[in-house]
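Hi,

Here is the structure I said I would pass on.

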Amino acid sequence: MTPTSQPRTHRHFRTLFISDVHLGSKAAQAEQLLAFLAVHDAEKIYLVGDIVDGWRLKRAWHWPQSHNDVVQAFLRKARKGTQIVYIPGNHDEFLRGFPGQHFGGIEVRLTDVHETADGRKLLVMHGDEFDVVVRNARLIAYLGDWAYDAAIAINLVFNRFRRRFGFGYWSFSSWAKLKVKNAVSFIGAFETLLAAEADRMGCEGVVCGHIHHPQIAERSGILYVNSGDWVESCSAIAERNDGTLELLTWTGTQMPVPQIVEKPVLEDARALEPARAA
Ligand SMILES: [Mn+2]
């Protein structure tokens, strides 16, 4: 492998969305994120959940220097004037008990509405609330709104119960990976539900994480954006000064490749089925 050692120029954005870093787990690509943060800045950074993996840390303490460095990198950016909003996910839901609190200049909010430079409202949330809804999407679609609300409530109770008995959070993403054949249609269901939630909240789009599947697409006229993760895809979403969105993937050996520049992907979700070998 010959790394293309291009000079790394600094990129400055209006907003950056980063999620699913899973600090505290061995899978976290902390060094890659550090390299990314060293050459990316923004006026505002959204941490869209599962930044710290509290579940892993509870079982076995894994906190190398690089994980500390990531936290320090965010705190340093906050000190230098970047507005940082932390939207907790299911793996860092201990932070959900502190809405409105500030930690070293980083503000915790359960969800938020971000307004782009071109005046669009984007609902920002992690997305785990929809796990059970996705699992039962067809039934819920049939039963209607009350079932949808009930399913979200059941999901919260279900996972509280699992936790009490020492089980991990029931994770949509890991479950979906076990069912690779059906994963794409479930990812499709997740996207559709998140877009519907944005619509319900009077927003033009949604930015979420949770399923570790970076994406900028359109679902039923609503912008669906997923910031991906720093476990496998090393991806982030950037908003440029004119309000357009860009999916950044960090390869570690070159400048990030802007993959999709807000080109809504309208093809059938099934067409995205990953060609998985072995
Ligand atoms: Mn999650």
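Five strands make up an open sheet with mixed pairing, in the order 6-7-8-10-9. Its edges are strand 6 (112-115) and strand 9 (215-219), each of which pairs on one side only. On average, neighbouring strands here are turned by 25° against each other, direction ignored. Leu123 has Val206 of strand 8 opposite.

A word on what you are looking at and on terms. This is a predicted model, where local features need pLDDT of at least 70, side-chain atom pairs count only at pLDDT 80 or more, and totals for chains, interfaces and linings use all residues. Residues are numbered from 1 along each chain as its sequence is written. Helices (H or I, at least four residues) and strands (E, at least two) are DSSP runs, numbered from the N terminus, and two strands pair if DSSP finds at least two bridges between them. For the angle, axes are lines fitted to C-alpha atoms (for helices, over the stretch in contact), and angles run from 0 to 180 degrees between N-to-C directions.

Strand 1 (residues 11-18) runs parallel to strand 2 (residues 40-47), with seven bridges joining them. One of the facing pairs is His12 with Asp41 in strand 2. To get from strand 1 to strand 2 the chain passes through helix 1 (residues 30-38), and this β-α-β crossover is right-handed (with the strands pointing away from the viewer, the path from the first strand over the helix to the second runs clockwise). Strand 2 is also joined to strand 3 (residues 83-86) by four bridges, again running parallel. There, Leu47 has Tyr86 of strand 3 as its bridge partner.

Most residues other than glycine have a negative phi. Here are two with a positive one.

- His210, in the loop between strand 8 and strand 9, has phi near 75°. His210 counts as buried because it has 28 C-beta neighbours inside 10 Å (the cut-off is 20 or more other C-beta atoms within 10 Å; exposed is 12 or fewer, partly exposed is in between, and C-beta atoms are placed from the backbone).
- Cys234 has phi of about 45° and sits in the loop between strand 10 (222-226) and strand 11 (235-239). Cys234 is also buried, because 21 C-beta neighbours lie inside 10 Å.

Cheers
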